[in-house]
Amino acid sequence: MFPTDYNENPFIVIWELTRACQLKCLHCRAEAQYHRHPLELTFEEGKKLIDDIYDMNNPMLVFTGGDPLERPDVFDIAAYAVQKGVRVSMTPSATPNVTKEKMKKAKDVGLSRWAFSIDGHNAEIHDYFRGTTGSFDLTMNAIKYLHELDMPLQINTVISRYNYKYLDEMAEMVENLNCVLWSVFFLVPTGRGKESDMISPVEHEKVLRWLYKLSKRVSFDIKTTAAQHYRRVVIQNKMREKVSKSDKDHILYEDALTSGLINQIDGLGRAPRGVNDGNGFVFISHTGDVFPSGLLPIKAGNVRMTPLADIYRHSEVFQNLRNPDKYKGKCGVCEFRHVCGGSRSRAYNVTGDYMESEPYCVYIPKAWREQKRA
């Protein structure tokens, strides 16, 4: 059963098994290195961590990095989690570590999904973004292996100024690759990622609206990361579709947010409500440090010294992030703040304050519009 009280338990846990990776991606929040860190959590520490995660109402667990395949014990860790009943997926880097044998091992162990990153519809764009020639071709070959093994495929894409003009081509490629989920990340300027690599606020809005239209016709699911305002776009569109012409004269779709209709029309089908940094989401680094997300580098504790549940439930930063009424600026008064809340990571990395408004959202809250009219 999915956790519904994010004050107590997260919906999803991300564990960075290692920062070792053979790629040099332009946006890498981890600034990954070629070699493993000597203070990585050990296998035994990892088992204890998995026990603690399971006891938090068994959220979803994602192995990330770096490249999780750089750890020789990755499948032993995965097997331990799966045997406990934890739903585990993995996001390895497309390097020579990805072999058909390892994919088969992942399936045999019981991993629920394998995710690959594709950031361009051709090798030129993708390889430039990933910083490694041949990454695109290697990824495509690996996806063929995955389909041969009949294992669900998730595709992760980072939206940046390098691929913004080719989204239709990207969508066509994703559809042809027969994935179950397209996870669309919106670049946050942390690690190697730079603000100059990002698309503009207006372009963010255009992409979000485009994604909603796309979601109406494709067979795969669409999820966004660091674009919480996609939920607002979905709700706005569903409200427009739900309210009849005769009603439009006397019902504003924003008013339905306070009438309970929001629970009927959200319909994203994954988390029971909006997940945000520290609010249904927690990130554990390769050395055990705990953060609200991998893109929000404010350390709240370390699992070697404090149980994960204590950090998640009682840390000041996590408690602040779970209170949208404390958000500053327009996010703090926005009628969508409890289902959106803006990207706390982007707010921090652009403004220096994780409670500030989402700086790449163009929406003007109803309260501000009414104030201006008055």
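Is T190 buried or exposed? T190 is buried, with a relative accessible area of 11%; buried here means under 20%, exposed over 50% and partly exposed in between, using a 1.4 Å probe and protein chains only. Keep in mind that this is a predicted model, where local features need pLDDT of at least 70, side-chain atom pairs count only at pLDDT 80 or more, and totals for chains, interfaces and linings use all residues. Residues are numbered from 1 along each chain as its sequence is written, and side-chain values use heavy atoms, with hydrogens and water left out.

**Around T190**
- You'll find T190 in the loop between β6 (181-186) and α7 (201-215); helices (H or I, at least four residues) and strands (E, at least two) are DSSP runs, numbered from the N terminus.
- The side chain of T190 makes a polar contact of 3.4 Å with that of N349. A polar contact is a pair of N or O atoms within 3.5 Å; within protein, one must be able to donate a hydrogen and the other to accept it, and residues adjacent in sequence count only if both atoms are side-chain atoms.

**Strand β6 and its partners**
- Because 5 of its 6 residues are buried, β6 is largely enclosed by the rest of the structure.
- On one pairing, β5 (residues 153-159) runs parallel to β6 with 6 bridges; two strands pair if DSSP finds at least two bridges between them.
- V158 has F185 in β6 as its bridge partner.
- From β5 the chain goes through helix α6 (residues 167-176) to β6 in a right-handed β-α-β crossover; right-handed means that, with the strands pointing away from the viewer, the path from the first strand over the helix to the second runs clockwise.
- β6 also runs parallel to β7 (residues 221-225), with 5 bridges, and W182 stands opposite I222 in β7.
- The β-α-β crossover from β6 through α7 to β7 is right-handed too.

**Nonpolar cores**
- The largest nonpolar core has 87 residues, and W15, L61, W114, W182 and L211 have the most contacts inside it. Such a core is a set of buried Ala, Val, Leu, Ile, Met, Phe, Trp, Tyr and Cys residues joined through side-chain atoms within 4.5 Å.
- A second, separate core of 8 residues includes C334, F336, C361 and Y363.

**Cysteines**
- The disulfide count is 0, taking a disulfide as a pair of cysteine sulfur atoms within 2.5 Å.
- For C334, the closest cysteine sulfur is in C340, 6.6 Å away and so too far for a bond.
- C334 is buried at 11% relative accessible area, and C179 is buried at 6%.
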